[in-house]
2 protein chains.
Amino acid sequence: MLKDDGTMLLSKLLGERYKEKPADASIPSHIFMLKGGYIRQVGNGIYSMLMPTKRIVNKIENIIREEMDAIDGQEVLFPVVLPRELWDESGRYESVGSELVRFHDRSGGDYVLGMTHEEAAVHLARNEAQSYAKYPFMIYQIQTKFRDEPRSRGGLIRVREFTMKDAYSFHTSQEDLERYYDICHKAYERIFERVGLPEVISVGSDSGMMGGAVAHEFMLLCDAGEDTIVTCDSCGYKANMEVAEGVLDKVEAQPAEIKKVHTPGANTIDALVDCLGVPAERMIKATMFAVEGSKRVVLVFVRADLEVNEAKLKRVIGANIFPLVDTEGIDLTFGYCGPYNLKADGVEVYYDRSIEGANDMVSGANEVDYHYTGLSVGRDFQPERYIDVAKVKEGAKCCNCGAPLKLNRGVEVGNIFQLGTKYTESMQMVYTDQDGKQQTPIMGCYGIGVGRLAACIIESHHDDYGPIWPYAVAPWQIHICALSNKKMDVQPIARELYDKLSKNYEVILDDRGANAGVQFADADLLGVPIRIVVSVKNIENGEVEISTRDKSIQTKVKLEDIEAEIAKIVAQIQ
Amino acid sequence: MLKDDGTMLLSKLLGERYKEKPADASIPSHIFMLKGGYIRQVGNGIYSMLMPTKRIVNKIENIIREEMDAIDGQEVLFPVVLPRELWDESGRYESVGSELVRFHDRSGGDYVLGMTHEEAAVHLARNEAQSYAKYPFMIYQIQTKFRDEPRSRGGLIRVREFTMKDAYSFHTSQEDLERYYDICHKAYERIFERVGLPEVISVGSDSGMMGGAVAHEFMLLCDAGEDTIVTCDSCGYKANMEVAEGVLDKVEAQPAEIKKVHTPGANTIDALVDCLGVPAERMIKATMFAVEGSKRVVLVFVRADLEVNEAKLKRVIGANIFPLVDTEGIDLTFGYCGPYNLKADGVEVYYDRSIEGANDMVSGANEVDYHYTGLSVGRDFQPERYIDVAKVKEGAKCCNCGAPLKLNRGVEVGNIFQLGTKYTESMQMVYTDQDGKQQTPIMGCYGIGVGRLAACIIESHHDDYGPIWPYAVAPWQIHICALSNKKMDVQPIARELYDKLSKNYEVILDDRGANAGVQFADADLLGVPIRIVVSVKNIENGEVEISTRDKSIQTKVKLEDIEAEIAKIVAQIQ
């Protein structure tokens with residue numbers, strides 16, 4: 001029977017738990033969310049959340065809400081379904097690719113599913129904030145979004161449908177935006193600390209399709225990450241690979257004589273290293289890109305042990321780029337392209353600063369099966385300028401302090417952007433300033449993915465058996481196991497305990513009468529911070545066992561002392 | 001400057017308030033939600049909610065959540081975007097019309113926007129509840145839905161995108177479903193009472209496209225309603241017009257002789273009444289319908305002062321019907337169709353019970369410009385059976401007690417359905433019973449529209465100047481107006497009061513220095529239950545004025561007694 005008093009009995013909890021590792025999961029949060037009955041897939045990158053996850057997510061949302069309210073955020077709600085007209089105004093109906101879902105309504109009108117809400121925020125604010133006196137202000141929502149990711153993966157780490165807190169602030173000066181941006185940065189630090197992830201770091205990042213100049217991502221460094229974060233242990237420099245800078249030691253070499261050498265079939269760097277016995281850092285590599293929406297072709301020369309950082313190159317080009325696939329009609333000797341004696345009509349050529357001043361380099365001779373050796377950059381060809389478009393390499397020197405840089409994997413759990421006037425200008429939002437003049441407001445925006453944050457908490461807090469939920473976000477606070485045997489049924493005692501503790505705590509009771517192994521395995525998967533085991537042996541001494549999910553506390557307590565002991569433990573772990 | 005302490009100053013509240021009645025709004029909730037800066041339209045039937053609405057909605061959601069948890073509901077979250085496959089399983093991908101939004105993802109997969117989540121609920125539950133021991137259980141969510149209504153109207157009363165609490169229960173017997181259905185009915189009563197709408201009534205209703213047998217709608221009777229509710233003051237009978245039954249007095253008349261009369265151009269009932277001088281209740285009217293997805297044509301004869309109830313007829317037919325538009329190829333004399341000497345090959349003919357045994361009736365002669373008079377039903381033509389497909393007329397007799405029925409307009413704020421096995425059977429959900437046999441679970445479902453409920457609270461609680469929010473759902477609990485004059489600036493005193501009261505209440509402070517008229521008009525539009533007016537005159541006596549939004553309390557209080565007085569008022573109005 002369903003109880004009508006709101007109690008939570010494990011026998012009734014929907015969401016089967018199982019022992020086997022799910023076949024299609026490889027990272028801890030995905031594995032445990034499936035094994036523990038937290039989520040179930042409905043479609044590609046689309047999940048239903050079961051009760052434990054929803055409880056966790058509600059707590060995370062409330063923490064976020066408190067922190068947003070504390071920095072004067074006004075909670076609002078924008079629609080999931082947005083008319084095309086709004087996205088036409090910002091230009092993103094055209095500029096955003098197929099991650100934006102577009103569809104028609106019954107009368108043929110064009111709509112999109114909101115994947116971010118800058119347009120909706122400006123639409124709402126522009127009629128309501130026409131005087132300077134209203135500024136600054138921040139509005140935020142916690143709402144479902146849909147982004148048609150080509151590669152959803154890892155359970156809640158990268159999905160197509162997700163719940164997000166997105167906030168938008170409006171200002172009358174860049175200084176005020178920067179002031180509030182810092183306030184919001186601190187609020188984010190508090191949020192991550194309160195949900196149990198004080199180790200989240202903020203790194204400089206690319207603003208990507210959002211536009212704007214300054215941006216930070218909040219990253220949890222962990223193996224499940226698909227972003228690369230460059231860090232310096234010495235001075236604390238941190239940046240997403242997309243924007244990270246490093247300083248490379250020059251490869252010392254004396255100027256040499258140019259020679260054209262026969263390198264049959266060596267049209268890759270690896271083959272060339274084998275063929276000539278010269279290391280890749282003594283070579284110049286050519287990489288080609290197409291520019292989206294145009295016939296422009298971009299050729300980049302970079303030291304051959306480095307990779308071109310597409311995010312950096314995009315910013316240089318000012319448009320989306322893709323690796324060149326269709327080479328028809330392009331007058332380059334693919335596989336043997338080099339900067340010396342280059343003919344590249346109609347191709348834009350860029351030189352990465354990694355090759356500046358290098359001597360005795362190898363590069364393509366613009367002739368199939370031939371390379372030059374002994375090239376000196378500046379002597380044999382003269383780039384007009386050098387740009388920074390290479391990915392930072394592990395061990396490169398920090399641009400601040402010179403110490404060696406580290407590469408780490410990280411998951412983005414939040415981001416903040418100084419958007420500037422990209423949306424307010426294109427959507428013609430104005431206010432009247434103190435002198436009666438019309439001005440364009442300056443915007444910031446601030447996001448946190450709620451479900452991904454829940455998954456990241458598992459990435460950071462788990463053992464071999466399941467999640468170890470921090471007290472502030474745990475689905476329940478106390479988990480009672482009742483271990484009866486043939487001699488004695490301890491259920492009534494466990495139930496009494498349950499009733500008593502439920503007055504002050506969120507308690508779940510394992511009422512199934514299963515054996516200890518099953519009960520403990522399930523308790524581990526549910527990851528509730530405090531566990532009370534009611535066993536026949538201990539009850540005979542008037543005691544129960546209390547332990548924490550992380551095993552740091554394990555103690556026997558007299559029945560009459562339980563509440564005091566729990567209060568003590570909560571004070572310790574909260 | 002944005003304050004960093006979470007205070008709410010009216011000067012910063014986004015959402016302009018204005019005096020003019022909005023041109024496109026006619027019902028109180030729509031008018032006040034626009035005038036008061038509560039909502040802004042983004043598209044047809046699509047709104048953004050500003051802070052006051054979001055705060056109200058959050059409070060309503062929490063009340064709903066508490067009541068759902070109290071009847072052992074497990075909160076979950078289903079996706080907004082659902083793969084077509086789920087809706088194919090239930091058959092609704094085909095059977096539901098264009099109110100279901102269908103679209104493709106980037107790889108061409110078919111998806112829908114969830115307008116209801118029976119499919120998602122069964123999808124989630126069917127792998128997690130395979131043993132009888134798990135039953136019964138109820139899962140619910142509070143989530144965004146999109147229903148492509150052809151006629152959205154009235155602000156939040158009828159929208160296309162809305163937030164809904166939808167719950168789904170699963171049972172092993174019809175008795176258990178009925179037991180839980182009653183529990184849920186009571187929970188709904190508590191919810192409506194707690195949000196300030198104890199006057200909501202539950203009425204028997206049609207289960208429509210949800211399927212299932214027994215259903216109730218929770219209705220707020222008010223002028224804004226577009227449903228018609230039939231009520232009996234004498235015995236308490238209540239039903240939606242869609243299912244309501246009434247008993248009609250027979251029109252007393254002696255049998256007469258059939259005559260064919262010339263009625264040129266009288267192809268409507270009104271024209272015929274004029275032409276013959278006979279009242280409509282002495283006539284038989286023919287109404288034609290097309291059956292969706294077929295070539296079937298349905299002809300219904302009903303007493304001419306009554307209308308055909310399409311919901312009832314749908315249930316008789318077992319399919320969707322529409323008023324017949326395309327008459328090509330149908331062998332009926334439109335405008336002059338009658339039951340006597342009728343030739344209606346290929347047409348299905350039904351007779352409403354309102355004409356049973358009637359004498360001396362007028363009806364079409366199946367010949368243009370001619371009618372019969374003097375028809376006796378049963379003598380001149382013999383229906384095989386009579387069915388009940390007429391709409392109840394005001395004053396018809398209650399089928400329970402015989403008292404006259406009333407027609408009322410009402411808005412549906414919630415509904416509950418006994419679904420039976422429609423979804424569990426079509427989606428092949430089974431569990432193993434105590435005897436090891438496979439059984440199909442029996443479902444109930446239970447919905448509440450959150451935004452519509454907020455609008456209905458205004459419909460029920462407002463005066464000429466704005467909403468009068470019940471304490472439990474008010475956006476703030478106390479509204480402080482500060483009326484300075486040239487002599488004295490009372491802002492510091494108001495601010496002190498604000499700081500003091502904010503510790504225990506949700507307070508908004510009008511810090512704009514506007515004149516009393518503007519401040520009071522805005523306070524009326526925000527509808528906060530308790531108002532404190534700090535004016536120079538009263539402050540000089542060490543007093544402020546406290547009043548309730550509904551004007552039932554209006555009193556002057558010494559500054560030092562404010563907290564005690566507020567506590568007293570809250571106890572009274574809560």
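User: Is A:C481 buried or exposed?
Analyst: This is a predicted model, where local features need pLDDT of at least 70, side-chain atom pairs count only at pLDDT 80 or more, and totals for chains, interfaces and linings use all residues. Residues are numbered from 1 along each chain as its sequence is written, chains are lettered from A and ligands numbered from 1 in the order in which they are written, and side-chain values use heavy atoms, leaving out hydrogens and water. Buried means under 20% relative accessible area, exposed over 50%, and partly exposed in between (1.4 Å probe, protein chains only). With a relative accessible area of 0%, A:C481 is buried.

User: How many disulfides are there over all chains?
Analyst: A disulfide needs a pair of cysteine sulfur atoms within 2.5 Å. Take B:C398: the closest cysteine sulfur, in B:C235, sits 3.5 Å from its own sulfur, so that's too far for a bond. Over all chains, the count of disulfides is zero.

User: How many salt bridges are there between domain 1 of chain A and domain 3 of chain A?
Analyst: Domain bounds here come from an automatic or database domain assignment, which puts domain 3 of chain A at 476–573. A salt bridge is a side-chain nitrogen of Lys or Arg within 4 Å of a carboxyl oxygen of Asp or Glu. A:R55 and A:E506 meet that way, at 3.2 Å from N to O. Between domain 1 of chain A and domain 3 of chain A, the count of salt bridges is two.
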